[in-house]
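Have the structure open while you read.

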Amino acid sequence: MSILVTGGAGFIGRAIIASLPESVPVTCIDVLEAQAHAGRTTFPAWLSDRARCIRADIRDTTAYADTLHDVDVVIHLAAQTGTGQSMYERSRYVGHNVDGTACLLDALALHAPHLSRIVLASSRAVYGEGMLRVHDGRLLPAQRTLDRLSSGQWNAIAADGSPGDPVAMQEDFPCNPTSVYGLTKWWQEQLIVDSAARSGVHHTILRIQNAYGPGQELRNPYTGIIGIFCSLLFRDLEIELFEDGEVMRDFVYVDDVADAFVRAAVGDRPPYSIMNIGSRDAVSLRTLVDRLGAAAGRTPRVRVSGRYRVGDIRHAIADTTRCDAWLQGGPRTSLEEGLRRYWAWFSEQEALATETLRESFEEMERSGVLRASEDQ
Ligand code: UD1
């Protein structure tokens with residue numbers, strides 16, 4: 001058996017490669033993009049020792065086609081991942097995520113005769129706003145219009161205009177992405193499903209919720225809020241919560257994500273082709289900050305700003321029934337424990353420069369993605 005990991009030098013890719021059985025040969029393709037790797041142009045020494053590392057954009061198939069002849073399993077992670085950024089860098093997101101996946105599949109069809117499995121890192125972003133349970137018990141798709149957001153009406157309403165309660169998203173609920181990033185992840189899924197149907201290659205699509213953990217690139221302002229919030233808390237600066245601070249997310253610890261990928265790649269074939277990978281514990285951003293303060297032993301300074309990011313989802317809650325059955329309900333890292341580990345690691349790192357963070361916010365403001373509601 002031989003495994004190819006695209007995007008293998010990223011935060012999740014490294015955790016996966018470190019957890020794969022040592023007896024399995026691994027090839028890692030990664031472009032080492034400046035934003036995600038803070039300008040580092042070489043692979044970490046341990047990764048070069050563990051895997052054959054190729055620095056290449058996956059669209060440049062000539063750079064890696066001749067390494068595919070013995071590949072049995074592909075774990076496909078290479079992608080751009082910033083939801084906000086995708087709303088004003090559409091072409092870059094579509095190029096890397098959609099064209100990149102198409103190029104990879106073309107190269108595999110031509111050069112990987114032993115390919116038997118492909119595991120895709122998809123995202124919760126494919127669901128968009130998700131579904132609401134309305135007063136009579138029906139489930140209806142949720143939506144948030146710009147008009148409502150601009151007047152500070154944050155909660156999604158059902159397609160028929162009525163209010164409702166968000167429900168945990170099951171994998172067979174309809175996908176209705178609200179961001180370019182979510183659209184590209186949905187396209188990736190479709191490309192994989194289509195090619196698997198034609199080739200007979202087994203596919204598993206893992207829809208990751210908000211992954212966090214040691215190893216996240218703190219100098220990348222698009223890397224996710226836990227790194228940003230830690231940097232601000234560390235410097236005793238104000239943490240800005242968008243909307244009313246009641247946005248919900250499911251934060252899943254990186255080792256638990258890596259565990260799912262390793263099992264999908266080298267374990268028995270998973271019983272489902274699409275699975276949510278979450279923590280079972282979605283929380284509001286206010287609760288996240290409280291728990292982070294407790295883990296750090298500090299008191300966060302919080303400003304609920306009433307600003308909003310176009311393309312953001314209000315409540316991201318995952319139904320993890322499939323994943324729980326597959327992993328036999330195995331232990332998953334609680335948010336409290338994950339944040340304790342994160343803070344311990346973070347305290348040893350060079351945190352995100354607040355200047356870089358400010359620039360990323362200004363970029364989103366200029367492009368109309370980060371906006372203030374009218375009552376602000
Ligand atoms: C994240 C991931 C995405 C993944 C998805 C799955 C990142 C960069 N993106 O998107 O790759 O597929 O989860 O659910 O990790 N916010 C604030 N204050 C800030 C910054 C952000 O309140 O200073 C809010 C955002 O508006 C958003 C929430 O925090 O509502 C989370 O934002 P973010 O960490 O960027 O992640 P997602 O958009 O959920």
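**Ligand site and helix packing**

A polar side-chain atom of T83 sits 2.9 Å from an oxygen atom of the ligand. Keep in mind that this is a predicted model.

**How the ligand is surrounded**
- On its own, the ligand has 740 Å² of accessible area, and the protein covers 91% of that.
- Two elements each give two or more residues to the shell around the ligand: α8 (225–234) and β12 (239–241).
- In total, 22 residues surround the ligand, and the closest are S123, Y181, N210, R249 and D312.
- Sort the shell by residue type and you get 10 nonpolar, seven polar and five charged residues.

**Where α8 packs**
- Besides giving residues to the ligand shell, α8 packs with helix α12 (residues 335–346).
- The angle between α8 and α12 is about 60 degrees, and their axes are 11 Å apart.
- Why does α8 count as oblique to α12? Because of that angle of about 60 degrees: roughly perpendicular would take 65 to 115 degrees, and roughly parallel an angle under 35.
- As for handedness, the crossing of α8 past α12 is right-handed.

Technical notes:
Residues are numbered from 1 along each chain as its sequence is written. This is a predicted model: local features need pLDDT of at least 70, side-chain atom pairs count only at pLDDT 80 or more; totals for chains, interfaces and linings use all residues. Side-chain values use heavy atoms; hydrogens and water are left out. A residue is near a molecule or strand if one of its heavy atoms lies within 4 Å of it. A polar contact is a pair of N or O atoms within 3.5 Å; within protein, one must be able to donate a hydrogen and the other to accept it, and residues adjacent in sequence count only if both atoms are side-chain atoms. Accessible areas come from the Shrake-Rupley method with a 1.4 Å probe; for residues, only the protein chains shown count as cover. Helices (H or I, at least four residues) and strands (E, at least two) are DSSP runs, numbered from the N terminus. Ala, Val, Leu, Ile, Met, Phe, Trp, Tyr, Cys and Pro count as nonpolar, Asp, Glu, Lys and Arg as charged, and the others, Gly among them, as polar. Axes are lines fitted to C-alpha atoms, for helices over the stretch in contact, and angles run from 0 to 180 degrees between N-to-C directions. Angles under 35 degrees count as roughly parallel, over 145 as roughly antiparallel, 65 to 115 as roughly perpendicular and the rest as oblique. A crossing is left-handed if the near helix is turned anticlockwise from the far one by less than a right angle, and right-handed if clockwise.
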